[in-house]
Structures are given as C-alpha cells and as structure tokens.
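Subject: The structure, and what I found in it

Hi,

Here is the structure I promised to pass on. Have a look at it first, and then read on for my notes.

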Amino acid sequence: MTTSRGLSFKDGDTPIVIVAAFVPQSGNEHELRRALQAVLQPTREEPGCLRFDLLVSETPTTTFRFFEIFATQDAIDAHRQTEHYRVYRAAAMPLLQAPPEVVVMSPVDVAGLSA
C-alpha cells in the first residue's frame, strides 16, 4: 500500500484511523478551537502522521472532531509523547463538558490511501 505522501506499507500493515470528538462547555467554544488548532501543524509534521484534520459541527451542539490517520501504532505512541500533544491536552481538557469520545478504526476506502 502506498499513501499520497509516498509512505509504503508492508503486506498486513494497515494505517490506523482515529476520530475524536470534543464538546466544549458553554462559552468555551472559541478557546477550545484555539487549543485544538494549535496542535494541528506540529502533528502534521510528525513522522507517521498521514492526516490530521479538525472539523466542527454547530448543531445540535458545537462539537469539534479530529480526523486522524497514522501509519502505525508506534507513530501514535510517539505523537502522544510530544510536547505539543501534552500542551494541547492541558489546554483543552478543562474546557470540555466530558472526556473526548475517541473511536479507533481501520480504513476500508480512504482517499489518499490505496492498495
């Protein structure tokens, strides 16, 4: 498998897709947006990060979502050890109604990932 970023995977290797949802406490929407945006660029530059996007829905409740694709579990583990990850977590978590909802998936048909 080869990605749009030119990364290749051995047979049996499958990138890991993560969708994480963040619901801010009322009044914290803009501050949470800033905290989440701050982690985007440094994460996109990490080895093994294939995609790291931030989306928002405004109804029924403002919810931010990260759409992430990492080449391997090792890349995710390394991401979680970075300073920018620790800073974003410290800034974002107090602004949330509840802990983020995180779903880990395997890609079936994702643009930019092909067999």
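This is a predicted model: local features need pLDDT of at least 70, side-chain atom pairs count only at pLDDT 80 or more; totals for chains, interfaces and linings use all residues.

Residues are numbered from 1 along each chain as its sequence is written, and side-chain values use heavy atoms, with hydrogens and water left out.

**Overall layout**

The protein has four helices and six strands; helices (H or I, at least four residues) and strands (E, at least two) are DSSP runs, numbered from the N terminus. Read from the N terminus, the order of elements is β-β-α-α-β-β-α-α-β-β. Of the 115 residues, 37% count as buried. Here buried means under 20% relative accessible area, exposed means over 50%, and partly exposed is in between (1.4 Å probe, protein chains only). Taking contacts between residues at least 6 apart in sequence, 69% join residues at least 24 apart; a contact means heavy atoms within 4.5 Å.

**The sheet**

Four strands form an open sheet in the order β3-β4-β2-β5, with antiparallel pairing. Two strands count as paired if DSSP finds at least two bridges between them. The edges are β3 and β5 (101-105), each of which pairs on one side only. On average, neighbouring strands of this sheet are turned by 15° against each other, direction ignored. For this and the angles below, axes are lines fitted to C-alpha atoms, for helices over the stretch in contact, and angles run from 0 to 180 degrees between N-to-C directions.

Going through the pairs:

- β3 and β4 are antiparallel and share eight bridges; cysteine 49 stands opposite phenylalanine 70 in β4.
- β2 and β4 are antiparallel, with seven bridges.
- β2 and β5 run antiparallel and are joined by five bridges; alanine 20 stands opposite valine 102 in β5.

β2 is mostly covered, with six of its seven residues buried.

Threonine 63 lies in strand β4 and is buried, with a relative accessible area of 9%. Leaving aside neighbours within four places in sequence, threonine 63 is in contact with Ala21, Phe22, Val23, Leu55, Val56 and Ser57. Valine 102, in strand β5, is partly exposed, at a relative accessible area of 45%. Not counting residues up to four places away in sequence, valine 102 touches Ile18, Val19 and Ala20. The C-alpha atoms of valine 102 and alanine 21 are separated by 6.5 Å, although these residues are 81 residues apart along the chain.

One detail to look for in the loop between β3 and β4 is proline 60. A cis peptide bond joins threonine 59 to proline 60, with omega at about 0°.

**Helix α1 and its surroundings**

Which residues of α1 (residues 29-38) are buried? They are Leu32, Ala35 and Leu36. Seen down the axis of α1, the buried residues fall within an arc of 95°, so they line one face of the helix; the arc is that of the directions from the helix axis to the C-beta atoms. The face turned away from the buried side carries the exposed residues His30, Arg34 and Ala38.

The buried residues of α1 pack against β2 (16-22), α2 (40-44), β3 (49-57), β4 (63-70) and α4 (83-92). α1 lies across β2, β3 and β4, and runs at about 10° to β4.

Two packed helices are described by the angle between their axes and the distance between the axes. For α1 and α4, the angle is about 170° and the axes are 9 Å apart. The two helices are therefore roughly antiparallel to each other (angles under 35 degrees count as roughly parallel, over 145 as roughly antiparallel, 65 to 115 as roughly perpendicular and the rest as oblique). Leu32, Ala35 and Leu36 of α1 make the contact with Tyr88, Ala91 and Ala92 of α4. By class, this contact has six nonpolar, no polar and no charged residues. Ala, Val, Leu, Ile, Met, Phe, Trp, Tyr, Cys and Pro count as nonpolar, Asp, Glu, Lys and Arg as charged, and the others, Gly among them, as polar.
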